[in-house]
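Student: I have a new model open on my screen and would like to learn how to read it. Could we go through it together?

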Amino acid sequence: MSMATEPGAAPLLEARGLTVRFGKVTALNGLDLTAPPGQVLAILGPNGAGKTTFVRTVATLVRPTAGSLRVYGRDVVRDPAGVRRDIGLAGQFAAVEPTMTGRENLEMTARLFGHGHKAARRTAAVVIERLSLGEVADRRTSTYSGGQRRRLDLGASLVGGPRLLLLDEPTTGLDPVSRREVWDAIRDLGANGTSVLLTTHYLDEADELADQVIVIDHGAVVASGTLSRLKASIGQDVIEVAVTEPAMLGAVAQILERVTSNSARLEPGGRHASVPAPGGPAELASVIGCLEEAAIAVDEIGLRRPTLDEVFLTLTDEAKISPAVAGASMNGSER
Amino acid sequence: MTVAQAVVAPAISRPVRTPGIVPAARQVALRALRKYVRTPGLIVMGVVQSAMFLFSFRYVFGGAIHAGSGISYVEFLVPAYVASIVLFTGGGIAVAVAEDRAQGFTDRLLSLPVPRYSLVLGRTLADSTTNVWSILTTAAFGFLFGFRLPGSWLDGLAALGLCVLYAVVFTVVFIVMGLFAPSPQAAQGMSLIVFVFAFLSSGYVPATSMPGWLQPFSKYQPVTPMVDAVRSLLTGSSSDVGLALAWSALLIVVFTPVAVLRYRRA
């Protein structure tokens with residue numbers, strides 16, 4: 001609704017060297033990011049990458065240890081109250097009161113945003129309509145399905161008419177049907193001009209919803225851009241080899257890296273090695289030739305599409321060339 | 001784009017101003033009270049627990065406890081029990097506060113443009129109300145189990161008023177516990193600590209019957225003057241009342257800022 005005042009206004013988000021530490025743990029490590037308003041922005045990353053901490057910092061629930069973060073030009077440290085007026089948060093858990101009805105929950109939150117009695121009732125009704133919760137609005141939320149509860153939670157973050165909606169893993173733990181419902185709701189909001197920042201570790205979720213994607217790992221941005229650009233860079237086929245003799249894995253990795261010029265991933269202590277192969281079948285043929293030449297016996301070799309894990313790893317491990325390091329990080333680096 | 005929006009869905013208006021501390025606290029309190037009233041288990045368990053404890057002391061342990069000359073155990077016990085009942089039933093407050101943190105409700109509140117003090121104020125209002133309910137039901141059980149007012153009903157009202165003050169004081173203490181507990185289960189465990197203060201006071205046995213090394217603790221901890229003050233108000237005297245009020249003020253002054261600061265970064 002405030003689109004008219006938007007052009008030329010401050011960016012939706014502007015992070016400069018944003019760092020958050022909890023004791024010895026560094027959750028955000030000098031994160032830099034600028035995002036324009038009016039978009040659905042997805043933050044992708046493995047568990048422990050710092051996604052939730054980033055959202056909580058935007059929501060003024062966590063204070064930066066160093067660096068700065070501005071939301072629509074307002075600094076989260078100097079003007080947290082101003083930031084709170086602009087945002088609506090739906091966290092990882094649906095924070096609705098189970099003993100209250102959907103309508104009561106929405107009206108309460110609307111009052112807490114500053115709406116008067118009448119405005120709160122009107123706003124709750126609009127949100128119920130928009131999120132298609134009419135049938136269940138006057139039932140206690142303890143009777144809701146997972147998807148209904150999430151949609152109500154989404155609604156609760158909307159009643160203050162936020163300019164930016166923060167959704168932390170909005171569909172985690174939902175069944176496929178409920179996920180679709182929540183996706184439709186988010187898409188509808190995006191289409192209505194609300195900026196949305198959502199975190200997810202599902203690539204298909206980002207695919208469905210996001211205009212822009214930011215991949216973070218170890219508390220810093222490792223890739224960003226539109227989904228189509230990102231996909232083009234990661235949508236390569238993968239050569240996968242299973243060696244007969246685990247001791248030969250290192251030699252196989254060398255061949256894979258020489259042929260494809262990409263860093264290979266080794267299954268720690270196992271027999272599998274894989275590498276992104278931009279050249280597809282031609283590179284597969286060269287690899288087979290080289291293996292024969294070196295007289296390395298393999299059980300299996302083939303070309304396949306990358307898995308979701310590999311997409312993450314490709315993006316989050318780009319800087320790491322050493323196979324040993326790449327292999328180690330396959331186990332994940334959970335915080 | 002703006003035009004299209006108006007057609008697609010009615011706009012959600014932005015509030016003109018942020019809520020004041022009292023309206024915000026009212027919403028926080030209403031929600032906590034609704035949760036309490038609409039969870040029959042909470043109410044029933046509270047009443048049953050307070051009746052059970054009182055029954056056990058009055059009829060089971062009471063026979064073996066000599067309250068002092070010229071006073072029956074039920075006269076000795078009931079005022080102290082009503083004064084300190086919140087120490088036994090207030091664990092639910094700590095658990096509710098810890099649950100709100102664990103389940104994201106506190107995050108939601110803190111992400112809203114509400115004055116930070118309103119969270120503590122609302123919570124205190126709501127839980128003090130439920131505590132007054134448990135004081136009243138416990139007092140009713142006291143009369144049912146044979147307690148009679150030693151003085152006038154005005155003295156009784158004054159004593160009740162003091163118990164209500166304690167309810168507010170202990171509420172803030174339990175809120176702080178819930179804010180520091182790492183989980184709701186831990187909050188439940190932590191709230192058992194205060195049992196010690198109730199039992200090691202002059203409330204359940206005369207302090208003079210305790211071993212010598214324990215008596216100083218019993219004498220100088222807050223619950224002893226608090227229950228003694230209620231007993232003296234019932235008989236029209238006012239000894240210990242000043243000390244009890246001082247302790248109440250001290251606890252409020254210490255624990256309220258802790259709660260407010262802790263809520264900020266919960």
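Student: Happy to start with one helix. Which helices of chain B do the buried residues of helix 5 of chain B pack against?

Tutor: Good place to begin, and keep in mind that this is a predicted model. Helix 5 covers residues 91-102 of chain B, and its buried residues have partners elsewhere in chain B. Those partners are helix 3 (40-61), helix 4 (73-89), helix 6 (105-111), helix 7 (117-144), helix 8 (153-180) and helix 9 (184-190).

Student: How many of the twelve residues of helix 5 of chain B are buried?

Tutor: Buried here calls for 20 or more other C-beta atoms within 10 Å of a residue's own. In helix 5 of chain B, B:G91, B:G92, B:I93, B:A94, B:V95, B:A96, B:V97 and B:A98 are among the buried residues, and so are the charged B:D100 and B:R101. The helix is therefore mostly covered, and the number buried is ten.

Student: Stepping back, how many helices and strands does chain B have?

Tutor: Reading along the sequence, chain B is α after α. Its 266 residues are 44% buried, and its C-alpha atoms fill a box of roughly 85 × 35 × 35 Å along the principal axes. The count for chain B is 13 helices and zero strands.

Student: And what are the numbers of helices and strands in chain A?

Tutor: Chain A has 335 residues, of which 47% count as buried. Among its contacts between residues at least 6 apart in sequence, 69% join residues at least 24 apart. Chain A contains twelve helices and 14 strands.

Student: Where does the largest share of the side of chain A that touches chain B come from?

Tutor: Altogether, 35 residues of chain A are in contact with 32 residues of chain B. On the chain A side, helix 2 (80-86), strand 6 (87-90), helix 3 (102-113) and helix 4 (117-130) each supply at least two residues. By class, that side has 19 nonpolar, eleven polar and five charged residues. The largest share, five residues, comes from helix 4 of chain A.

Conventions:
Residues numbered from 1 in each chain as written. Chains lettered and ligands numbered in written order. Predicted model: local features only at pLDDT ≥ 70, side-chain atom pairs only at ≥ 80, totals over all residues. Helix = DSSP H or I, 4+ residues; strand = E, 2+ residues; numbered from the N terminus. Expected span 1.5 Å × (residues − 1). Contact = placed C-beta atoms within 7 Å.
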